[in-house]
Amino acid sequence: MSYIYLPWNASNARQRDAERARQNRAEIVRELSWGRVSRRDLIKMGLFTGAGMLARVGGLNPFVATASARSDDNPTGAPRSPLFGAKPFTQPMPRLDVLPRNPLSGLTPYPEAYANQTLMPVDPLLGGGYGPVEGRPPGTVWAHQRWDEFPPDVCVEATQAPATTNNRYDPQVASSLNSGIDPSQALPLRFHPNLPTQNPSSVWTFNGTIPPKLVQARYGEPILFRHHNGLPADVRQNGGFGRHTISTHEHNGHHGAENDGFTGAYFFPNQFYDYHWPIVLAGHYSVNTGATERMASTPDGGGGLINVPGDWHETMSTHWFHDHMFSFTSQNVYKGNAAMFNIYSGLDRGNEAINDGVNLRLPSGSTKDWGNVDYDVNLMLADKAFDQNGQLTFDIFNFDGFLGDVMTTNLAYNPYFEVERRKYRFRILNASVSRFFKVALADASGRAQPIIQIANDGNLLPAPVTLMALDEQGIAERYDIVIDFSNYLVGDKLYLVNLCEHEDGTKPADDLSMAGALSGTSPDSCVGPFLEFRIVRNPEKPDVSQVPAVMIPNPDLSNIPVARERTFVFGRGADQPGTNPITAFVGPWGISTDGGETLDADYGRISAAPKFGTREVWHLVNDGGGWDHPIHIHFEEGQILARNGSLANVSQAERGRKDVYRLRPDGTITLTMQFRDWGGMFMEHCHNTVHEDNAMLLRWEINGGGEPFLRPLPTPIPTPQGVTFDDPTST
Ligand SMILES: [Cu+2]
């Protein structure tokens, strides 16, 4: 197999063939997204095999020889995205757009513990009649848990909307810290000034705008996130991909399940959904319950600390939130439903100057008491693809994964970022559909430079790790790093370089050397430098930030018995015993639980039910060498106990807590987690979102033994006219 995109030097005839084939595939994507065909239909029609492979038909399949070059050495390939003359490192990288934090008093209707069932007229395209204004399922099970105990202090509101111009960009930093970008200038939705403005149907983001959004939170300050669905009622107004129903997952929020963005708790155009994020430390009800431990704390707004209950070893920092719509997650996240979420604490305060013995003083800034982002920069990485008109497009090569051929950072094609000669923190998120990255830092002459990794997923590591290249970074993983630009001179340039080469969406094909990645010879155009740092000045104030030798040690679990072990095997050739067309999907990918059959996703089926308040050990097994799976377990952080049977195989950069576990080909991860504080239904799935959608996902829920959580929980069946419920099944 060769790289999914055509070589640059492909003949015109071959490029025409490839474009015709791409258009044929785009029709399949469109029909799936409109719900006019199902995956089952595609198999029946002979367009897909049961193993999820596109039929070997010329003029459709990118892996089959072109009409103009009949040789297996010349598969059709996918046409390269046109760049309209855009050159790398010619546009500034925009900092994320910070969503305002408002008082709750401005919110109409006022939020309630129970879903708001006030009726409104439903668009005839959605069946007409009347339906509730809020899409959250009604009743006790989906009421906000402990609403009175954690009344929201802050409201954040956003609308999922078609692409439009940003007239209210708020990066929360001066223009001098944002590569000179003037936030008062209108920002059209385009990936580079040379690339066309995106059509409203091509890109759907938070508020319909770029840059991607950032929400800032602190422990002990509950947030009400009201998410409006402003997408077209007509399912066909989607530019050929993406579904207008959404469910918003705060990735890895330690919240009640009603706020987890459960894949089956989606809501419709014109509705909203109130997500209640209490922002508590795990162990809130079992560890440090008297809030006497100063390390478990949050900024008080005036230079001091407020203690909070829970285990400070569970403090989290870098999250993101994104769509989790059942079987359409890949398209919706790719289309723009992804934002970042920084959580601040006494330890990770976002203020580098306060010296109180708790604050780790990581690079950030010092103007505000907490949450300074002057020197704390979110980087959202994602590969994209464009059609011949330069509009965002989603291709379907097979059900192994989707690759773009254009690299973006904060949704900007290969930008530059101006920095001062001092330490910076970068929070790197892999927001791709199927692509893994491997990030390294190069100087202008191509020599690898040291990077200090300080966090993995949401969690600061026990100790910083200095690396000449980061590990492979799977989809949804976050790696926080520090780069010390004081080691260089004003006028110097450095580059973040992707070393990880893909041929298709199954797994990384190769990790290149720095020289190999910089040589420009990889057929994968997302390999190589993707972000240029320009060192433009000395800092005005001395850099007082630190990278302490000890950050957040892991929680001590030695006295907590292991209640149970479970084994999940991630493989192909899954069966779907479920018959409910709403909750059950088919696809080649599936999960076997504790030696059972490999099953396709059915969100009405409960595959595991750990007992509330216990600790378990889970084994995640990759049933094959031809692919990798970054497995995400919702709700609680885990510690990796072993990779392929041994702790010695776990790198120092993975020795903290995690929420995404890359299995690697034929690999196994053993991890331990606890089930505390909240109840309800959660998920475990592959975060190669094409695998997830086809149908490598399962539901597990917390068994409260009847109290305080009901069990088994009824399965929500959303409709625009209101949510009904089904009884769950179990494996
Ligand atoms: Cu996978």
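The legends below walk through several close-up views of one predicted model.

Residues are numbered from 1 along each chain as its sequence is written. Because the model is predicted, local features need pLDDT of at least 70 and side-chain atom pairs count only at pLDDT 80 or more, while totals for chains, interfaces and linings use all residues; side-chain values use heavy atoms, with hydrogens and water left out.

**View 1**
Start here with the metal: the copper ion is coordinated by His629 (ND1), Cys686 (SG) and His691 (ND1), at 2.0 to 2.1 Å. Donors are N, O and S atoms within 2.8 Å of the metal (3.2 Å for Na, K and Ca), and water is not among the atoms, so sites may look incomplete. Along the chain, the donors follow the spacing H-x56-C-x4-H. His629 sits in the loop between strand E33 (615-622) and strand E34 (630-633), and His691 belongs to helix H5 (residues 689-693), so the pair ties together parts that are 62 residues apart in sequence. Helices (H or I, at least four residues) and strands (E, at least two) are DSSP runs, numbered from the N terminus. Both His629 and His691 are buried, where buried means under 20% relative accessible area, exposed over 50%, and partly exposed in between (1.4 Å probe, protein chains only).

**View 1. Strand E34 and its two partners.**
Which residues cover the two faces of E34? Pro630 and His632 lie on one side, Ile631 and Ile633 on the other, and all are buried. Two strands pair if DSSP finds at least two bridges between them. E34 runs antiparallel to strand E37 (residues 660-662), joined by three bridges, and in E37 the bridge partner of His632 is Val660. E34 also pairs with strand E39 (residues 681-686) in the antiparallel sense, over three bridges. There, His632 stands opposite His685.

**View 2**
Strand E35 (residues 638-643) is joined to E36 by two bridges, and the two run antiparallel. Gln639 has Arg657 in E36 as its bridge partner.

**View 3. The largest pocket.**
This pocket has a volume of about 650 Å³. On a 1 Å grid over the protein atoms alone, a pocket is an open set of points with protein on both sides within 12 Å along at least five of seven lines, a cavity is a set of points where a 1.4 Å probe fits but cannot get out, and lining residues have an atom within 4 Å of a point. Grid points are joined across faces, edges and corners, and a volume is the space filled by probe spheres set on the points. The largest pocket is lined by 28 residues, and Arg243, Phe328, Pro581, Ile582 and Phe585 lie nearest its centre. Its lining has 16 nonpolar, nine polar and three charged residues. Ala, Val, Leu, Ile, Met, Phe, Trp, Tyr, Cys and Pro count as nonpolar, Asp, Glu, Lys and Arg as charged, and the others, Gly among them, as polar.

**View 4. The second largest pocket and Cys526.**
About 360 Å³ of space lies in this second largest pocket. Of its 20 lining residues, Trp8, Asp524, Ser525, Cys526 and Val527 are nearest the centre. Strand E15 (406-409) and strand E28 (528-537) each give at least two residues to the lining, and E28 supplies the largest share, three residues. Cys526 is in none, and the nearest cysteine sulfur, that of Cys500, is 11 Å away. Cys526 is buried, with a relative accessible area of 2%.

**View 5. The largest cavity.**
A search of the whole structure finds ten cavities of 30 Å³ or more, and the largest has a volume of about 140 Å³. Among its 18 lining residues, Gln331, Phe394, Ile396, Phe399 and Asn694 are the closest to the centre. Helix H1 (12-33), helix H3 (329-335) and H5 each give two or more residues to this lining.

Definitions and conventions. Disulfide = S-S within 2.5 Å.
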